[in-house]
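Here is a set of questions and answers for someone meeting this structure for the first time. Each answer sets a value against the rule behind the word used.

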Amino acid sequence: MKVFLDLGWFFKERKKQYLFGILVLMIVAFLQLIPPKIVGLVVDAVNEGTMTMTFLGKWLGILALAAVGMYILRYYWRVMIFGSSIFLGRQLRERLFHHFTRMSPSFYQKKRVGDLMAHATNDLSAVQQTAGAGVLTLVDSVTTGGFVIAAMAITISWKLTLIALIPLPLMAILTSYYGKLLHQRFRYAQESFSSLNDKAQESISGVKVIKTFGQEKEDTKDFVQLSQDVVDKNIRVAKVDALFDPTISLIVGICFFLSIVFGTRFILAGDMSIGDLFAFTSYLGLLVWPMLAFGWLFNIVERGRASYDRINNILDEKVDIDDKEGALDQKPEGHLQFNVEEFKFPEDDRVALHDVHFTLNRGETLGIVGKTGSGKTVILKLLLREFEGYKGKIEYGEHAIDTYKKKRLREAIGYVPQDHFLFSTTVGGNIAFANANATMEQIYDAAKLAYIHEDILQFTDGYNTVVGERGVSLSGGQKQRISIARALMMEPELLILDDSLSAVDARTEEAILEALKEKRTDETTIITSHRLSAIQHAHQIIVMDDGTIVEKGSHEELMKLKGTYYEMYQLQQLESLVEKGGEQ
Amino acid sequence: MEEKQPQLTGKDQWNILKRLLTYLMPHKKIIAIALFLLVLTVIGDILGPYLIKTFMDDYLTPRNFPTGPLVGLALGYIFIQVGNIVVSYFQLLKFQEIALKIIQQMRIDLFSKVHKLGMRYFDKTPAGSIVSRVTNDTEAIKDMFVSVLVGFIQSGLLVIGVYIAMFILNVKLALICTLLLPILFVIISSYRKYSSVVYQDLRERLSQLNAKLAESLQGMSIIQAFRQEDRLQDEFNTINDSHWNAGKRNIKLDSLLLRPAIDLVYALAIILVLSYFGITSLSNTIEVGVIYVFVTYIDRFFEPINQVMQRLSIFQQAIVASSRVFKLLDEEDLAPSQNNEEHAKIEQGKIEFQNITFSYDGKTDVLKNISFTAEPGQTVALVGHTGSGKSSIINLLMRFYEFEHGDIKVDGHSIKDFETEEIRDKVGLVLQDPFLFYGDIESNIRLHKSDMTDEEVIAAAEFVQANNFIEKLPNTYKQKVTERGSTFSSGQRQLVAFARTIATNPKILVLDEATANIDTETEVAIQNSLEKMRKGRTTIAIAHRLSTIQDAELILVLHHGEIVERGTHQQLLKEKGLYHKMYLLQNSVVEEIA
């Protein structure tokens, strides 16, 4: 029940709705007592011959009023309580999303998207259930149960009530015992279902091997066996599951039998009427639900607590890279000084970067080359403040980058990442990602600069073509150029191309680089690349290996050096020759 | 992630339901038994209150208590109750069993169907979505069979039973009670009508919401780099709000038309019964027992209706799931068919490609007019840049894809004439990505060939020198292999895959060399094994490392789907063409070309 306390903030927030809902629920519980009573009264009147039209009209009128009242009130408590519970879902979802937008990449390295999604869906709905069905079952089982028993004891016969209720606790005990059994067997059934799932997954991923060895039949036989296991395990579940209804019938039947037998005695003794017996048996029927609800309650609450804890664990994760107190509220400009002695990724002992020093003047281009894992991208990640905790200092303009507000720093940087991620919106929307209010002209200009304008015009809906699963499928090169256009839209002080021309053919690459050079005379550019052609023209080139700079200089200087850069250059000349099929 | 919901018309839904019901046919007998049990429980439900009525009218009201008949009545009542409980337990169990069996059959059908599909289908369909057809969608259908269909039959039977009993007891009142049916019908059908809109809308918005969330999580670094956190939050909030509003609409609809409404009709029924008896009692005598029976019947009658209404959404989902399942079952992208000529046998292993032109999509040709011959025992190596068409040649030889132009002949017969088994038995393929199955090393070499002895497994492993590493494993051949063999290095996986192929002793060997990084020690083992395997077998090999195929009888250099150079290693080097350049590149002989 602790989860109700944990959710106290929410109940307070929705105090009105909950108080009103609970009150209405209690009134309904009370109104429910009326119909059986009226049946009893009418039966007595018929039996004793005292029936009159006014009597009948009056009581049936009350019954009708109560029924209509209950209809209206039932509608309202649902809207209040269930409505609040989905409001909680909405609140938590919003909070989680907000939290996700603030977390740095190191958070996303630790958590998998699938897990985060699970928290935002399954766990959230379990908590939502607690605030809805949980509250309902708690209130309803207590009030309906209490009211009905009180009505039986006070208005009919407390002695008969005691006798008739003797077997009821047995129902609570048995159903909760079944619940436990069921839980366990259900887990086995789930396990066997998930091995079936794994089997299907494996067979489909390995379909080529299976085809190669002509083992379709044998593999199917395997699958049949697993599916039989699923059936067997589920039948074990069904064996317990099917016990619920008969058990409830049995116990209600016993209660009922006791009421009739002892009720008859009380009638004969003149303690109650036949109508009372009618009412009494109807009340017994009303008691079944609160008994079951009570069993459910524990289930719901237990799941809700575990889920709420998991959600809170996420929300409690600290934002690890945040603005410092009194951070500069200005967009950085000027030259860039990068001096990092050592950097390790969080929770990783290996040195990712060491002794990297360079200065980049405003308006210049820096080329970074090196093998995969040599530290090229690490430099960029530090510049973007995706990670902190390095030894050294990175300055942009007059100040260290961590003294700016994070948003202002990023305002200056147009970043084109390696994995060109596009959103499932229109092409135009993707390009205008950083500036949703951009004019079409601005978007066209950026697209032309990135040499993607012509391609986009070829799409069925031009700039309104939707990208992604449900839209047009783009080639890697097109995606890269769109993400370049997206960065250019910002007209950034510092443009970073992180190996973003790899899927573009040589001629387009050249054209893009040329256009950038022409357009961005006063702004700074950093390009990392596997292909040397992309950085050949840079004012300054650094060659990275094993997390540090091994060579540094202009293309001509590095060629003269006849070192790593020179070798890479020669090999790539040859490679491009092979790609072209040997033609010069 | 939620998949897009197909739009289904009423007629589609009806057809799907009809097709679903055909799955019941094989279980006719058990269903008959279960239905019989169900009828028994309904009869019990109806007889029980009748006995109470007899007690009330014949004994309680006249205050007449003869021991004999009363004990009889009590025993009769107890017998019916206990009998009912026992029968209903078995009835519930039987129906669950049937549902499980049906779903099992459906899964097996799906799975066998998947194995009949051609590679083309797997190219265009993500594995995840095929898997969820086989498991999750069928699970949704199971829920329908278990909770909706049975509930539906049960309430139907109960309604009929109750009305029969009412007509026997009192025709006039029974007639009055039939007034309830159209009211219930209107409520149920309007609920179905509105909920299909409102509920679908809710699901649609939920899937939008989850899609937005998933996308934002995946693209978070971009969102942050471009400072669009606030905008995305706003967009998310908008969807979140519309989902919330859809949720509210759903709750309102449920509250208006589900339980509260049915309870209201229930009260109306009670009012009808009471007024009837109340009014008639003014002129005639009424036995109270009859009132009791009617009130109780009405109670019984409404419970299953409530349950079925609550579960209508399950029904809706099951129909959608079934439409997807049936679509897969009806898929026509089958694996290439064979002419199955019995006399066509692979004995020598001579392979001829004759003017093969091939395209995956019918537009761009990935192979153009390919011809070559591999004599028995020879090795033909395919080299070329990514996308040059090497893998396509293998795909055609393995019959993964159908081709139209040209022919592939093996020992003089068209590849299309052999029985599939003959090709699978005699042609051994080693894939670039050696896929290992969950199980152990032995089961991965043996696969499903139960007639293979342990000695043969070990011999195969020894032949490819996989035994060296296998014997060092704590459980040797019984060492567990986890999902995709992730605990083994790619070289080790490659060796197991070799052993698997060699164990079948194929006449023709098709090799797609691994590109993955392999440690030098294993690399040597692999090269030695490859050499041994190729001996006495016709081999078609895709080579990424030119060093491995220098002894090949024929090397084909592919570029854009065409054979641009052909010859032996020495001949090709002399030509100083593309092969020569590739060779230099791989040996990093920078100086020679500079």
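**Reading the terms**

Q: Which residues make the contact between α7(A) and α8(A)?
A: From α7(A) come I149(A), M152(A), A153(A) and I156(A). From α8(A) come W158(A), L160(A) and T161(A). The axes of these two helices come within 7 Å.

Q: What is the make-up by class of the contact of α7(A) with α8(A)?
A: The contact has 6 nonpolar residues, 1 polar residue and no charged residues.

Q: What makes chain A more spread out than a compact globule?
A: The globule rule gives 25 Å for 584 residues, whereas the radius of gyration of chain A is 37 Å, so chain A is more spread out than a compact globule. The C-alpha trace of chain A spans about 120 × 65 × 50 Å along its principal axes. Chain A has 22 helices and 10 strands.

Q: How does the radius of gyration of chain B stand against a compact globule?
A: Chain B has 36 Å, but a compact globule of 594 residues would have a radius of gyration near 25 Å. Along the principal axes, the C-alpha atoms of chain B fill a box of roughly 120 × 65 × 50 Å. There are 22 helices and 12 strands in chain B.

Q: What share of each chain counts as buried?
A: In chain A, 43% of the 584 residues count as buried. In chain B, buried residues make up 39% of the 594 residues.

Q: Why is I222(B) called buried?
A: A residue is buried if 20 or more other C-beta atoms lie within 10 Å of its own. I222(B) has 23 other C-beta atoms within 10 Å, so I222(B) is buried. I222(B) is found in helix α8 (residues 220-225) of chain B. Neighbours within four places in sequence aside, I222(B) is in contact with P417(A) and F421(A).

Q: Does N395(B) count as buried or exposed, and how do you know?
A: N395(B) has 21 C-beta neighbours inside 10 Å, and therefore counts as buried. N395(B) lies in helix α13 (residues 390-397) of chain B. Leaving aside neighbours within four places in sequence, N395(B) is in contact with F400(B) and Y401(B).

Q: Why does Y451(A) count as partly exposed?
A: Y451(A) has 19 C-beta neighbours inside 10 Å, so Y451(A) counts as partly exposed. Y451(A) lies in the loop between α17 (440-449) and α18 (453-458) of chain A. Phi of Y451(A) is near 55 degrees, a positive value in a residue other than glycine.

Q: What makes N369(B) partly exposed?
A: N369(B) has 15 C-beta neighbours inside 10 Å and therefore counts as partly exposed. Strand β2 (residues 367-374) of chain B holds N369(B). N369(B) is not a glycine, although its phi is positive, at about 50 degrees.

Q: How many residues of chain B are in contact with chain A?
A: 101 residues of chain B are in contact with 101 residues of chain A. Helix α3 (residues 67-116) of chain B gives the most to the chain B side, with 17 residues. By class, that side has 57 nonpolar, 30 polar and 14 charged residues.

Q: Where in chain B is the pLDDT below 50?
A: The pLDDT is below 50 over residues 590-594 of chain B. Beyond near neighbours in sequence, this stretch has 7 contacts in the model. Where pLDDT is low, the predicted coordinates should not be read in detail. Chain B has a mean pLDDT of 84, and 95% of its residues reach 70 or more.

Q: What are the pLDDT average of chain A and the scores of the model?
A: Chain A averages a pLDDT of 88, and 98% of the residues score at least 70. The model scores ipTM 0.86 and pTM 0.79.

Technical notes. Residues numbered from 1 in each chain as written. Chains lettered and ligands numbered in written order. Predicted model: local features only at pLDDT ≥ 70, side-chain atom pairs only at ≥ 80, totals over all residues. pLDDT = per-residue confidence, 0-100. Contact = placed C-beta atoms within 7 Å. Helix = DSSP H or I, 4+ residues; strand = E, 2+ residues; numbered from the N terminus. Nonpolar A, V, L, I, M, F, W, Y, C, P; charged D, E, K, R; others polar. Rg over C-alpha atoms; globule rule 2.2 N^0.38 Å. Buried ≥ 20, exposed ≤ 12 C-beta atoms within 10 Å, placed from the backbone. Axes fitted to C-alpha atoms, helices over the stretch in contact; angles between N-to-C directions.
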